[in-house]
Amino acid sequence: MTAKPWAKWYFADWRGDPRLRMCSLPARGLWADLLSYMHEGEPYGHLTIDGKVPDLPSIARLVGAPVREVMRAFHELQSHGVFSRTESGTPYSRRMLKDLE
């Protein structure tokens with residue numbers, strides 16, 4: 001994996017994304033953690049760990065939160081369209097891919 005020492009973080013975009021703003025504080029916190037893993041994902045911007053999509057119990061362990069809380073927050077992010085999925089179902093950040101281009 002290529003070292004990625006930093007990432008662009010646009011605070012105005014974070015506060016101004018209506019899809020994200022409709023989510024609860026726990027869901028937004030989960031999204032921030034997921035973005036950090038997507039920054040290290042392969043391909044870039046995708047939620048992968050060692051090339052595999054982690055399941056919700058694994059995500060809960062990664063972020064140090066109860067599975068039920070992570071499930072609720074993840075589904076909230078999904079229902080508000082905060083992230084997209086590839087054809088195979090891998091979650092990814094549209095913004096990270098846009099910035100990569």
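**Loop, core and pocket**

Visitor: Where is Asp50 found?
Guide: The model is predicted, so local features need pLDDT of at least 70 and side-chain atom pairs pLDDT 80 or more, while totals for chains, interfaces and linings use all residues. Residues are numbered from 1 along each chain as its sequence is written, and side-chain values use heavy atoms, without hydrogens or water. Asp50 is found in the loop between H3 and H4.

Visitor: Is Asp50 buried or exposed?
Guide: Buried means under 20% relative accessible area, exposed over 50%, partly exposed in between (1.4 Å probe, protein chains only). Asp50 has a relative accessibility of 75%. Asp50 therefore counts as exposed.

Visitor: Which residue does a cis peptide bond join to Glu42?
Guide: Most peptide bonds are trans. Here omega is about 0°. The cis bond joins Glu42 to Pro43.

Visitor: Within what arc do the buried residues of H4 fall?
Guide: The buried residues of H4 are Leu56, Ile59 and Ala60. The arc is taken from the directions from the helix axis to the C-beta atoms. Seen down the axis, these residues line one face of H4, because they fall within an arc of 105°.

Visitor: How much space lies in the largest pocket?
Guide: On a 1 Å grid over the protein atoms alone, a pocket is an open set of points where a 1.4 Å probe fits, with protein on both sides within 12 Å along at least five of seven lines. Grid points are joined across faces, edges and corners, and the volume is the space filled by probe spheres set on the points. For the largest pocket this comes to about 700 Å³.

Visitor: Which residues lining the largest pocket are the closest to its centre?
Guide: Lining residues have an atom within 4 Å of a point. There are 24 of them here, and the closest to the centre are Lys8, Ser93, Arg95, Met96 and Asp99.

Note on methods. Helices (H or I, at least four residues) and strands (E, at least two) are DSSP runs, numbered from the N terminus.
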